Amino acid sequence: MQDVIIRRAVAGDLETLAQLGRTTFSETFGHLYPPQDLEVFLHAAYGADYLRAALADPDRAAWLMEQNGVAVGHALAGPCDLPHPEVGPRSVELKRLYLRRTAQAQGLGARLFETVLAWLDRDGPQDVWLGVWSDNHGAQRFYRRYGFVPVGEYGFAVGQTIDREFIFRRLG
Ligand SMILES: CC(C)(COP(=O)(O)OP(=O)(O)OC[C@H]1O[C@@H](n2cnc3c(N)ncnc32)[C@H](O)[C@@H]1OP(=O)(O)O)[C@@H](O)C(=O)NCCC(=O)NCCS
């Protein structure tokens, strides 16, 4: 019997989010980068400064998914920062969606993503954007199921490494 809950992350979850963020990113993509590039990225993206600001920002929201009391997934959403000419002041973005490998492919990512979409659409359907690595075909299949389609691409920096990142959009 699996006890899975999804809850909004609060300031006191900073350390949990930092550790889970580093672990899930490394599990998924760690093999792609020289160690120094990976460390520079993890420090910036999952360091205390970034997470403290994200958790305190009323326009952003973070979630934790806990399975039998253990944090196995996290998500982050807020105003869209993606470089695309059609991104406007009201555009919103799924910024992060990550599950521990052991928690994947059981429908839990769908539950977490639907929680994020419900929050983004809380005042009615929104123009939702996300970035996904060009070779992350599993995640792209997952997002397409929700009506997201590729509309552009850009270079995503992980230290000195620049990845090809697709921009996906779902019109509200
Ligand atoms: C992407 C992710 C959130 C999906 O959550 P999940 O719980 O694994 O997915 P669900 O069980 O809800 O749905 C399964 C679907 O996910 C997709 N999927 C995602 N990653 C996949 C993978 N590595 N291999 C196969 N399918 C994958 C497929 O569409 C799959 O459906 P299918 O098997 O019928 O094709 C999760 O796999 C994950 O955290 N992956 C690693 C981190 C990541 O890539 N995050 C996205 C960054 S943009």
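Reader: How do the residues of the shell around the ligand divide by class?

Author: Nine are nonpolar, seven polar and one charged. Here Ala, Val, Leu, Ile, Met, Phe, Trp, Tyr, Cys and Pro count as nonpolar, Asp, Glu, Lys and Arg as charged, and the others, Gly among them, as polar. Please keep in mind that this is a predicted model, where local features need pLDDT of at least 70, side-chain atom pairs count only at pLDDT 80 or more, and totals for chains, interfaces and linings use all residues. Numbering starts from 1 along each chain as its sequence is written.

Reader: Which residues come nearest to the ligand?

Author: A residue is near a molecule or strand if its C-beta atom, placed from the backbone, lies within 6 Å of it. Of the 17 residues around the ligand, Q104, G109, A110, G138 and R141 come nearest.

Reader: And which element gives the largest share of that shell?

Author: Helices (H or I, at least four residues) and strands (E, at least two) are DSSP runs, numbered from the N terminus. The largest share, four residues, belongs to α5.

Reader: How should I read the pairing of strands, and how many bridges join β6 to β7?

Author: Two strands pair if DSSP finds at least two bridges between them. Strand β6 (residues 149-158) runs antiparallel to β7, with nine bridges, and G155 has R164 of β7 as its bridge partner. The two strands form a hairpin with two residues between them, and G159 in the turn has a positive phi of about 60°. Strand β7 (residues 161-170) also pairs with β5 (residues 128-133), antiparallel over six bridges; there G131 stands opposite I167.
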